[in-house]
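The following exercises concern the chain and ligands displayed below. Each task is followed by a solution in steps.

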Amino acid sequence: MSDLITLTIDGHEVHASADSSIIQAYARAGSALTANIGCMGQGVCGSCRCMVRKEGERDVTTALACETKVEAGMQVSFIDYFIPEHIQYYDIKEIGDGWNWLDDTAKSFPEAQNCRHCGGCNRACPKGLEVENGVAQVVMGDFGAAADTFDQCVMCNLCTLACPEHIRPNHLGLFARRMKAARTLRPVDLMRRLREIDSGKMRVEYEEEAV
Ligand code: SF4
Ligand code: SF4
Ligand code: FES
């Protein structure tokens with residue numbers, strides 16, 4: 001036990017080896033991972049969002065538990081999935097040839113223009129994305145740049161949680177990525193593969209759904 005460190009996760013004292021991620025420490029402590037886990041440590045699903053306070057520090061930061069190593073005295077609280085009060089609806093099929101995208105954006109995401117540049121979303125983002133900048137890019141109509149800004153977004157929702165203007169930056173980023181994809185030439189490898197599947201040349205086997 002001497003080489004184990006002690007930390008607190010969701011109010012439980014946990015002992016873990018120093019090379020563990022928070023998720024690994026929690027699992028090895030015998031906790032059933034029934035929430036806040038999706039991609040099992042790949043860092044791509046955003047489910048393991050949590051708040052972390054390190055020993056001796058006053059600040060609480062946000063993190064992905066599967067990408068964050070444990071430290072002695074660390075306090076961790078997972079953040080449950082939540083449905084925001086304000087949900088933006090749009091139908092990408094109704095988006096026209098692109099000349100009205102500024103209007104489409106203002107209609108679907110009117111609150112985006114109220115960004116107060118507080119930087120809360122940047123500080124909350126565990127992927128280190130320039131979220132505030134991405135919001136401004138969408139509002140200005142630079143969808144290509146915004147799609148790149150949000151390219152590594154894992155939809156953890158921490159920026160949405162942080163935003164005092166209910167902007168939901170990650171969904172604005174997804175909107176930009178969808179807009180770009182809807183008006184961009186398709187990847188040729190994907191087109192070929194889809195044609196192989198449609199023609200039966202390539203078989204795709206699905207598992208029977210459990211009843
Ligand atoms: S942009 Fe928002 S949802 Fe995407 S990774 Fe950063 S904090 Fe998470
Ligand atoms: S948290 Fe909201 S208001 Fe603040 S900079 Fe980010 S998008 Fe703008
Ligand atoms: S479990 Fe998917 S990002 Fe951590």
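R168 is placed in the loop between helix 6 and helix 7, where helices (H or I, at least four residues) and strands (E, at least two) are DSSP runs numbered from the N terminus. The model is predicted: local features need pLDDT of at least 70, side-chain atom pairs count only at pLDDT 80 or more, and totals for chains, interfaces and linings use all residues. Residues are numbered from 1 along each chain as its sequence is written, while chains are lettered from A and ligands numbered from 1 in the order in which they are written.

**Exercise 1. Helix 7 and its packing**

Task: Compare the span of helix 7 with the expected value, and identify the elements against which its buried residues pack.

Solution. Step 1: helix 7 covers residues 169-182, which is 14 residues. Step 2: the expected span is 1.5 Å times one less than the number of residues. From first C-alpha to last, helix 7 reaches 20 Å, close to the 20 Å expected. Step 3: its buried residues are P169, N170, H171, L172, G173, F175, A176 and M179. Step 4: these pack against helix 2 (101-108), helix 3 (120-124), helix 4 (131-140), helix 5 (143-149) and helix 6 (158-162).
Step 1: for helix 4, the buried residues are V131, E132, G134, V135, Q137 and V138. They pack against helix 2, helix 3, helix 5, helix 6 and helix 7. Helix 4 is followed by G141, with a positive phi near 90°.

**Exercise 2. The two ligand shells**

Task: Which residues come nearest to ligand 1 and to ligand 2, and how do the shells divide by class?

Solution. Step 1: a residue belongs to a shell if its C-beta atom, placed from the backbone, lies within 6 Å of the molecule. Step 2: ligand 1 has 15 residues around it, of which C125, C153, C156, C159 and N170 come nearest. Helix 6 and helix 7 are the elements that give two or more residues to this shell. Step 3: ligand 2 has 16 residues around it, and C115, C118, G120, C121 and C163 come nearest. Here helix 3 and helix 4 give two or more residues; the largest share, 3 residues, comes from helix 4.
Step 1: Ala, Val, Leu, Ile, Met, Phe, Trp, Tyr, Cys and Pro count as nonpolar, Asp, Glu, Lys and Arg as charged, and the others, Gly among them, as polar. The shell of ligand 1 holds 11 nonpolar, 3 polar and 1 charged residues, and that of ligand 2 holds 10 nonpolar, 3 polar and 3 charged.

**Exercise 3. P126 and its contacts**

Task: Locate P126 and list its contacts beyond four places in sequence.

Solution. Step 1: P126 is in the loop between helix 3 and helix 4. Step 2: P126 counts as buried because it has 22 C-beta neighbours inside 10 Å. Step 3: two residues are in contact if their C-beta atoms, placed from the backbone, lie within 7 Å. Leaving aside neighbours within four places, P126 contacts T62, A63, L64, C156 and L158. Step 4: the C-alpha atoms of P126 and V154, 28 residues apart along the chain, are separated by 9.3 Å.

Note on methods. Buried ≥ 20, exposed ≤ 12 C-beta atoms within 10 Å, placed from the backbone.
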